[in-house]
Amino acid sequence: MSRCPAEIADDLRCFIKSSYPGIDIRAEPWDQDPNRLAVCFTHEKFSLIYSYQRWHYLTHLIPADYQEQQLSTSVWFELAPGESPEDLRYPDEQLIADITPDVMHILQGTGFFNRLDDVMCPADAGLTRAQCWGDFRNAKPLLHKCGITEDELFDVLHVLMLQGGFCDCEILYNVVEENRLTAEYWKARAEGLEPPNPHKGAEPISL
Ligand SMILES: [Zn+2]
């Protein structure tokens, strides 16, 4: 049974509020097509991450069957305070797929992945390891050191996101095969131990 926009906004608040306390959610007929529902999610944490990351975190908090039954034709706008839907920039997935081999080749050549591993999981166990906050605050300065400009960051980070790297630790876990962080995870699992959690101690963007 279809629920009205106000009920849908209430349902969504229930799914999302524990990860994003105080999130503002509005649902109303979309002005460009009133047969479709427009849902606006606004939260201050979104100011630190790309639209595509915001969508990724939200969609994982809303049960798939609920999305199928109530939201299949809806359009979502994930906003930081002060933003409007026109400000949102989403990746062209075909373009990102097309540039992926070249971007990965460049990143491998600059040693970016090794440098990120050195920060997230230093070879010297005595060194302090960086935390992951569920964003790219460790990766971005390293990318700059590897010659990636501010203008190029959007394309480069979306290449990593489309391979499952939605935060610093996921770049290592999901995008590249050989790194200490992933090896450490599986070693702990094989020994029946709790793997170290890169998000521990930080207040991640999402869980
Ligand atoms: Zn992470």
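Val75, Phe77 and Leu79 point one way from strand β3, while Trp76 and Glu78 point the other way. All of these residues are buried. The model is a predicted one. In a regular strand, side chains alternate between the two faces of the sheet. Strand β3 covers residues 75-79 and is mostly covered, with five of its five residues buried.

Strand β3 has a partner. Strand β2, residues 33-42, pairs with β3 in the parallel sense over five bridges.

Now turn to the charged side chains. The structure holds eight salt bridges. One of them joins Asp24 and Arg26, at 2.7 Å from N to O. Asp24 counts as partly exposed, at 28% relative accessibility. Arg26 counts as exposed, because its relative accessibility is 53% and the cut-off for exposed is over 50%.

A salt bridge also forms between the side chains of Glu83 and Arg54, at 2.8 Å from N to O. Glu83 lies in the loop between β3 and α4 (93-110), and Arg54 lies in helix α2 (residues 51-61), so the pair ties together parts that are 29 residues apart in sequence. Glu83 is partly exposed, at 28% relative accessibility. Arg54 is buried, with a relative accessible area of 3%.

Asp118 and Arg180 make another salt bridge, 2.7 Å from N to O. This pair links distant parts of the chain: Asp118 sits in helix α5 (residues 112-120) and Arg180 in helix α9 (residues 180-190), 62 residues apart. Asp118 is partly exposed, with a relative accessible area of 43%. Arg180 counts as partly exposed at 30%.

Note on methods. Residues numbered from 1 in each chain as written. Predicted model: local features only at pLDDT ≥ 70, side-chain atom pairs only at ≥ 80, totals over all residues. Heavy atoms only, no water. Buried < 20%, exposed > 50% of the residue type's maximum accessible area, 1.4 Å probe, protein only. Helix = DSSP H or I, 4+ residues; strand = E, 2+ residues; numbered from the N terminus. Pairing = 2+ DSSP bridges. Salt bridge = Lys/Arg side-chain N within 4 Å of Asp/Glu carboxyl O.
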